[in-house]
Structure formats: structure tokens, C-alpha cells
Amino acid sequence: MSHEQYRGIIDSLYQCAIDCIHCENACLEESNVKGLVKCIRLDRDCADACLFTAKLLAGETEFSDEITTICGKICDACAEECEKHASHMDHCRVCAESCRKCAQDCRSLARVHVM
């Protein structure tokens, strides 16, 4: 599969990374930063995983199934944590939505390769 065929998931990965970075920075500005430590760490981990995954997919890696599976799990964990804060922090709501979409896209890519 050429990198052009990965364009959709690469776009999703970059959007998720941007939303995670924004959420991380916004969480650091909240009054209850100590209560957001897990969220901040998962935002950072998810952004890093998404950027790394996008880079590998752009390079037509032979490890696309493995890396997208791991990235999807990290996205799900970040979404789960952000959803805990989504009702009172818009940046967490946006991040959770982006992470859920990205995780789904990662799972979809892995399923395509299995079929």
C-alpha cells in the first residue's frame, strides 16, 4: 500500500496529535492541574504515538498493522481519560472525539490488512 493510500489515516493521526497537544496545553492552564496529570500525560503520549505512526505510514512501513494497533489503544486510553473531563472542559471533549475517530481509523486499517 503506497503512502497515498494512507492519506486519510495520516490526516486523522495529525488531527488527533494537534488536538492532544492543544488539550495538554489547555489542561496546564486549568486551576486544578494536579487533578489533570493523567490527562496531560496521555495527551502527550497520544500526540507522540500519532506523529510517530503517521511518519511510519508515510514511509510505507511493513509494520502498519502493529503500529496502528498500538496507536489505536493509546488513542482509546486518551479518549477515555478526556471523557472524564469533557462535560466541563471543551478542549477535553474535542480531544476525546478526535482520539475516538483516530482509534477507529487505526482499527479499520488493521482490518483491511487482515482481509
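Predicted model: local features only at pLDDT ≥ 70, side-chain atom pairs only at ≥ 80, totals over all residues.
Trainee: Noted! What does the side chain of glutamate 83 meet in a salt bridge?

Mentor: That would be the side chain of arginine 100, at 3.0 Å from N to O. The pair links distant parts of the chain: glutamate 83 sits in helix H3 and arginine 100 in helix H4, 17 residues apart.

Trainee: And how does arginine 100 count?

Mentor: Arginine 100 is partly exposed too, because its relative accessibility is 32%.

Trainee: Which residues are linked with that pair in a network?

Mentor: Asp76 and Arg107 join Glu83 and Arg100 in a network of salt bridges.

Trainee: How many salt bridges does the structure hold?

Mentor: There are 8 of them. One is between arginine 93 and glutamate 97, with the closest N and O atoms 3.0 Å apart. Both of these residues belong to helix H4, and they are 4 residues apart, about one turn of the helix.

Trainee: What about glutamate 81, then: buried or exposed?

Mentor: Glutamate 81, which is found in helix H3, is buried, because its relative accessible area is 6% and the cut-off is 20%. It still forms a salt bridge, with lysine 84, where the closest N and O atoms are 3.2 Å apart.

Trainee: Which residues is glutamate 81 in contact with, leaving aside its neighbours within four places in sequence?

Mentor: With that exclusion, glutamate 81 is in contact with Lys38, Cys39 and Leu42. Of these, Cys39 and Leu42 are among the buried residues of H2.

Trainee: Let's change topic. What does the largest nonpolar core look like?

Mentor: It has 33 residues, and those with the most contacts inside it are Leu13, Cys50, Cys75 and Cys99. Helices H1 (7–29), H2 (37–58), H3 (64–83) and H4 (90–114) each give two or more residues to this core.

Trainee: Which helix gives the most?

Mentor: H2 does, with 9 residues.

Trainee: Can we zoom in on one of those cysteines? What is cysteine 75 in contact with?

Mentor: Once its neighbours within four places in sequence are left aside, cysteine 75 is in contact with Cys16, Cys46, Cys50, Cys99, Cys102 and Ala103. Cysteine 75 itself is one of the buried residues of H3. Cys16 is among those buried in H1, while Cys46 and Cys50 are among those buried in H2.

Trainee: And cysteine 27, where does that one lie?

Mentor: Cysteine 27 lies in helix H1. It is buried, because its relative accessible area is 0% and buried means under 20%. Leaving aside neighbours within four places in sequence, its contacts are Val33, Leu36, Cys39, Ile40, Asp43, His91 and Cys92.

Trainee: Quick geometry check: how do the helix spans come out against what is expected at 1.5 Å a residue?

Mentor: H1 has 23 residues and reaches 33 Å from first to last C-alpha, close to the expected 33 Å. For H2, with 22 residues, the span is 32 Å, close to the expected 32 Å. H3 has 20 residues and spans 28 Å, close to its expected 28 Å.

Trainee: What follows H2?

Mentor: Glutamate 60 follows H2, and its phi is positive, near 60°.

Trainee: Last one: which residues form a nonpolar patch on the surface?

Mentor: Tyr14, Ile21 and Leu51 form one, with about 240 Å² of accessible area together. Leucine 51 lies in helix H2, and it counts as partly exposed because its relative accessibility is 35%.

Definitions and conventions. Residues numbered from 1 in each chain as written. Heavy atoms only, no water. Core = buried A, V, L, I, M, F, W, Y, C linked by side-chain atoms within 4.5 Å. Buried < 20%, exposed > 50% of the residue type's maximum accessible area, 1.4 Å probe, protein only. Contact = heavy atoms within 4.5 Å. Expected span 1.5 Å × (residues − 1). Patch = residues over 30% accessible without salt bridge, like charges linked within 9 Å, V, L, I, M, F, W, Y side chains within 5 Å. Areas by Shrake-Rupley, 256 points an atom, 1.4 Å probe, with all protein chains shown as cover. Salt bridge = Lys/Arg side-chain N within 4 Å of Asp/Glu carboxyl O.
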